[in-house]
Amino acid sequence: NWTILLTLTYVSIKRSRATIELRKLRGELTDQNTLLETILDNMVDFVISCDADGKINYLNDAARDLDYLMGTSLEQLDHMYTFFGKDGKTHLDYTELPIYRALTGQVFTEYEVWAEIKGSGNRENIVINGRPIITSEGKSSGAVVVVNNTTERSRIDLETIRTKVKY
């Protein structure tokens with residue numbers, strides 16, 4: 001009887017310690033998640049991610065005006081936007097977009113694209129950094145891109161060039 005009682009007491013103490021450790025780890029994980037959310041939501045650049053199936057699943061606060069994109073597949077983007085290469089003329093298919101290419105394992109830094117909402121006539125110059133999201137098991141679980149709208153800077157640069165050409 002004493003052996004059973006001691007065994008049960010030992011198991012109970014071990015379980016209590018494990019529960020305390022689990023609560024501590026959950027608290028640390030929550031704190032890390034809060035920190036990451038705070039950092040992402042205070043960025044002026046758009047942060048957009050998609051899951052392994054290519055459906056958009058995250059937009060930071062800067063990108064909240066694009067909330068209609070949540071759940072949209074990358075293929076559907078081609079029906080909503082027209083994308084052009086750095087030259088502003090070469091049409092890009094959705095499979096050429098950095099987020100799609102990151103989903104296939106590629107890493108991008110300062111990839112320049114022109115984007116236009118279909119039929120709007122307004123083009124935005126954007127510079128994109130992107131990479132796949134790799135799990136601890138080494139599998140791709142999606143992709144993330146950081147999008148910097150450089151339209152105003154591009155227009156200023158173009159005006160500067162035009163001014164220099166005039167004089």
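Predicted model: local features only at pLDDT ≥ 70, side-chain atom pairs only at ≥ 80, totals over all residues.
The largest nonpolar core holds 24 residues. Among them, Ile48, Ile56, Leu66, Leu74, Leu77, Phe83 and Ile99 touch the most other members. Ile56 illustrates the packing. Residues up to four places away in sequence aside, Ile56 touches Ile48, Ser49, Cys50, Leu69, Met70, Gly71, Thr72, Leu74 and Leu77.

The largest pocket has a volume of about 580 Å³. Its lining comprises 26 residues, and Leu66, Tyr81, Ala115, Ile126 and Val147 lie closest to the centre. E1, E3, H3, E5, E6 and E7 each give at least two residues to the lining. By residue class, the lining has 19 nonpolar, 4 polar and 3 charged members.

The model contains 3 aromatic pairs. One of them joins Tyr94 and Tyr100; the ring centres are 5.4 Å apart and the planes meet at 85°, so the pair is edge-to-face. An angle over 60 degrees is what places a pair in this class. Tyr94 is buried, at 17% relative accessible area, whereas Tyr100 is partly exposed, at 27%. Phe108 and Tyr111 form another pair. Their ring centres lie 5.2 Å apart and their planes are at 75°, so this pair too is edge-to-face. Phe108 is buried, with a relative accessible area of 10%.

Terms used: Residues numbered from 1 in each chain as written. Heavy atoms only, no water. Core = buried A, V, L, I, M, F, W, Y, C linked by side-chain atoms within 4.5 Å. Buried < 20%, exposed > 50% of the residue type's maximum accessible area, 1.4 Å probe, protein only. Contact = heavy atoms within 4.5 Å. 1 Å grid on protein atoms, 1.4 Å probe; cavity = no way out; pocket = protein on both sides within 12 Å on 5 of 7 lines; lining within 4 Å. Points joined across faces, edges and corners; volume = space filled by probe spheres on them. Helix = DSSP H or I, 4+ residues; strand = E, 2+ residues; numbered from the N terminus. Nonpolar A, V, L, I, M, F, W, Y, C, P; charged D, E, K, R; others polar. Phe/Tyr/Trp six-rings, centres within 6.5 Å; stacked < 30°, edge-to-face > 60°.
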